[in-house]
Amino acid sequence: MSRGRKKQNRMAKFSITCMVCLLIILMSTQIVKLYHKNQELAVREASYEEQKREEEARQQELEEQEKSMESQEYIEKEAHRYGLFYDDEIIYREKE
């Protein structure tokens with residue numbers, strides 16, 4: 001009977017060892033996958049940060065343009081483009 005128990009103990013130890021090895025392998029592959037995904041997300045985050053900075057700079061430019069559009073000088077310049085002038089304004093044109 002002791003031989004049967006020894007054989008059972010060996011088989012139990014072997015099966016437990018195999019299960020532990022299998023779990024270690026599975027966990028290792030999951031860790032590697034998560035590491036690669038983390039790297040990919042870090043790259044994506046960096047590109048989003050760059051886009052955010054670009055958009056903030058563009059927003060700043062648009063705000064400055066909006067402020068300049070409210071000025072009298074800009075309004076006069078645009079009116080001149082469409083042929084609108086003050087009544088007392090003298091216009092000089094070059095001959096073509």
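Start with the whole chain shown as a surface. Its accessible surface is about 10,100 Å², and carbon and sulfur atoms hold 57% of that (Shrake-Rupley method, 1.4 Å probe; for residues, only the protein chains shown count as cover). This is a predicted model, where local features need pLDDT of at least 70 and side-chain atom pairs pLDDT 80 or more, while totals for chains, interfaces and linings use all residues. Residues are numbered from 1 along each chain as its sequence is written, and side-chain values use heavy atoms, without hydrogens or water.

Switch to cartoon. The chain has two helices and zero strands (DSSP runs numbered from the N terminus: helices H or I, at least four residues; strands E, at least two). Its radius of gyration is 38 Å, well over the 12 Å of the globule rule for 96 residues, so the chain is more spread out than a compact globule (C-alpha atoms; 2.2 Å times the number of residues to the power 0.38). The C-alpha trace spans about 125 × 30 × 15 Å along its principal axes.

Next, select Ile16, Val20 and Ile24. They make a nonpolar surface patch of about 280 Å² (residues with over 30% relative accessible area and no salt bridge; nonpolar side chains Val, Leu, Ile, Met, Phe, Trp, Tyr joined within 5 Å, like charges within 9 Å; a salt bridge puts a side-chain nitrogen of Lys or Arg within 4 Å of a carboxyl oxygen of Asp or Glu). Val20 lies in helix α1.

Now select Glu61, Glu63, Glu64, Glu66 and Glu70. These form a surface patch of negative charge (Asp and Glu count as negative, Lys and Arg as positive; His and chain ends are not counted). Glu64 sits in helix α1, residues 2-69.

Key. Charge placed at Lys NZ, Arg CZ, Asp CG, Glu CD.
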